[in-house]
Amino acid sequence: GQQLNQSPQSMFIQEGEDVSMNCTSSSIFNTWLWYKQEPGEGPVLLIALYKAGELTSNGRLTAQFGITRKDSFLNISASIPSDVGIYFCAGRGNAGNMLTFGGGTRLMVKP
Amino acid sequence: DVKVTQSSRYLVKRTGEKVFLECVQDMDHENMFWYRQDPGLGLRLIYFSYDVKMKEKGDIPEGYSVSREKKERFSLILESASTNQTSMYLCASSPWAVYEQYFGPGTRLTVT
């Protein structure tokens with residue numbers, strides 16, 4: 001099946017720092033989604049991307065759909081303690097409504 | 001707001017037991033999904049359903065079955081639970097031809 005490599009696996013940063021994470025695929029995706037999961041909860045959708053090159057923001061979060069359609073990036077500016085959680089990318093290829101998920105980036109923020 | 005609920009947040013079962021995990025969504029979504037989540041492996045699709053009584057295998061269906069008798073409800077069944085099925089189970093739903101999935105809070109299942 002399709003594989004999504006998400007990096008880094010974990011990050012421990014100081015409050016106020018900017019954060020970058022990315023996902024890469026061995027095949028082309030038509031949709032990229034970014035989710036955040038807080039401890040003990042299910043993932044919550046943050047941003048959805050539908051076109052190559054698309055750049056979309058949601059507050060301090062910005063995500064981009066890579067031009068090659070094989071990658072996507074998520075940036076968080078001026079991190080705060082409530083940004084703590086696991087961030088997942090998910091991509092949709094040509095297989096109907098199914099998504100492939102990355103392994104997640106665990107973000108820890110030190111106040 | 002979309003609401004996806006799961007019947008239990010925590011469940012402990014013994015090896016060999018039959019286990020039912022229930023998921024209900026209140027937004028009239030056509031598609032429903034069951035995933036398991038294990039550290040470092042992300043979310044892996046077990047089964048999904050795009051209509052009542054319809055089901056499709058995902059990436060890891062072995063050891064699981066599903067049932068969708070009503071549009072709002074999607075059940076995951078472990079016919080004979082094994083310790084390697086200890087995991088977090090997440091249910092999700094989405095409207096037809098919309099790729100954004102909405103997740104429930106998860107059920108953490110421990111099989112001893």
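A salt bridge, as the term is used here, is a side-chain nitrogen of Lys or Arg within 4 Å of a carboxyl oxygen of Asp or Glu. By that rule, one salt bridge is found across the interface of chain B and chain A. Please bear in mind that this is a predicted model. The bridge joins the side chains of Arg9(B) and Glu41(A), at 3.5 Å from N to O. The interface also holds five residue pairs in polar contact.

Which elements of chain B give two or more residues to the side that touches chain A? They are strand 4 (31-38) and strand 5 (42-49). Sorted by class, that side of chain B comprises 13 nonpolar, six polar and two charged residues.

Turning to extent, 21 residues of chain B contact 20 residues of chain A. The two chains bury about 1700 Å² between them, with carbon and sulfur atoms giving 58%. Of the area that chain B buries against chain A, 35% comes from Leu43(B), Tyr99(B) and Glu100(B), more than from any other three residues.

I now come to the backbone. In chain A, the peptide bond from Ser7(A) to Pro8(A) is cis, with omega near -5 degrees. Pro8(A) lies in the loop between strand 1 (4-7) and strand 2 (10-14) of that chain.

Arg69(A), which is not a glycine, has a positive phi of about 65 degrees. Its place is the loop between strand 7 (61-65) and strand 8 (71-76) of chain A. In chain B, Asp28(B) has a positive phi too, near 60 degrees, and sits in the loop between strand 3 (19-25) and strand 4.

How values were computed:
Residues are numbered from 1 along each chain as its sequence is written. Chains are lettered from A and ligands numbered from 1 in the order in which they are written. This is a predicted model: local features need pLDDT of at least 70, side-chain atom pairs count only at pLDDT 80 or more; totals for chains, interfaces and linings use all residues. Side-chain values use heavy atoms; hydrogens and water are left out. Contact means heavy atoms within 4.5 Å. Buried area is the accessible area (1.4 Å probe) that two parts lose on being put together, summed over both. A polar contact is a pair of N or O atoms within 3.5 Å; within protein, one must be able to donate a hydrogen and the other to accept it, and residues adjacent in sequence count only if both atoms are side-chain atoms. Helices (H or I, at least four residues) and strands (E, at least two) are DSSP runs, numbered from the N terminus. Ala, Val, Leu, Ile, Met, Phe, Trp, Tyr, Cys and Pro count as nonpolar, Asp, Glu, Lys and Arg as charged, and the others, Gly among them, as polar.
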